[in-house]
Amino acid sequence: LGTANALTSRFRLIDDRLTEIQDATNQQIESTVGQINAYAEQIAKMNEQIEQIKAGRSDMRPNDLIDQRGNLIAELNKLVKVTVVPTKGDMVNVYIGKGQSLVVDTSASKLSAGPSNDDPQRYDVYYDLAGNDVRILPDMLEGGALGGLLNFRDSALMTARNGVGRIAMTMSETFNAQHRLGQD
């Protein structure tokens, strides 16, 4: 009984540690989404400034702003894989994942992170579409820090949690079966 209690305590400790890792991963997802939104806002403002300069004098090219925007896009690309499409003048549109628009001309879309409808302990990424939060599937956000966090959570962390749960369940079933046989 003492060994069984020690084993049960060990399973609880492992589960607690995995829960801590999941909570930290959720916080990192939320923080990364906040950074993505900040970069998107800055890129949209840069687009607006570039457009204003071009409207004032068509022969003037806002090279410094274009370079700064390029640096912002490079930093954004570290967080989530982006596709950049040039538009009118020197503006760009920025898309993430499999084509979700993040920056269109001078406006930026918002992402959010929050509890999943399937599992409230797991955070998902949502896209604001006309005031409605639409879940972005993790496999649609490949690359960058956000893609890495989602991949870690869905593959390594969930596999570990499920594996520990299966081991605990098998061990308890085996112990219970032995107890049902009685003691000689």
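A residue is termed buried when its relative accessible area is under 20%, exposed when over 50%, and partly exposed in between (1.4 Å probe, protein chains only). The model is predicted, so that local features need pLDDT of at least 70 and side-chain atom pairs count only at pLDDT 80 or more, while totals for chains, interfaces and linings use all residues. Residues are numbered from 1 along each chain as its sequence is written, and side-chain values use heavy atoms, with hydrogens and water left out.

Helices (H or I, at least four residues) and strands (E, at least two) are taken as DSSP runs and numbered from the N terminus. Two strands are treated as paired if DSSP finds at least two bridges between them. On this basis, an open sheet of 3 strands is found, with the order β5-β6-β7 and antiparallel pairing. Its edge strands, β5 (111-115) and β7 (132-136), each pair on one side only. Neighbouring strands of the sheet are turned by 45° against each other on average, direction ignored. Axes are lines fitted to C-alpha atoms, for helices over the stretch in contact, and angles run from 0 to 180 degrees between N-to-C directions. Strand β6 (residues 123-129) and β7 are joined in the antiparallel sense over 5 bridges; Y127 has V134 in β7 as its bridge partner. Helix α1 (residues 2-56) packs on the sheet and touches β5 and β6, its direction making about 165° with that of β5. Contact here means heavy atoms within 4.5 Å.

Salt bridges were assigned where a side-chain nitrogen of Lys or Arg lies within 4 Å of a carboxyl oxygen of Asp or Glu. The structure holds 10 of them. In the pair formed by R161 and D15, the closest N and O atoms are 3.0 Å apart. R161 belongs to helix α3 (residues 144-181) and D15 to helix α1, so this pair ties together parts that are 146 residues apart in sequence. R161 counts as buried because its relative accessibility is 17%, whereas D15, at 35%, counts as partly exposed.

E20 is partly exposed at 45% relative accessibility, and R17 is partly exposed at 48%.

The side chains of D124 and R122 also meet in a salt bridge, at 3.7 Å from N to O. Both D124 and R122 are buried. These residues belong to a network of salt bridges that links R122, D124, R135, R153 and D154.
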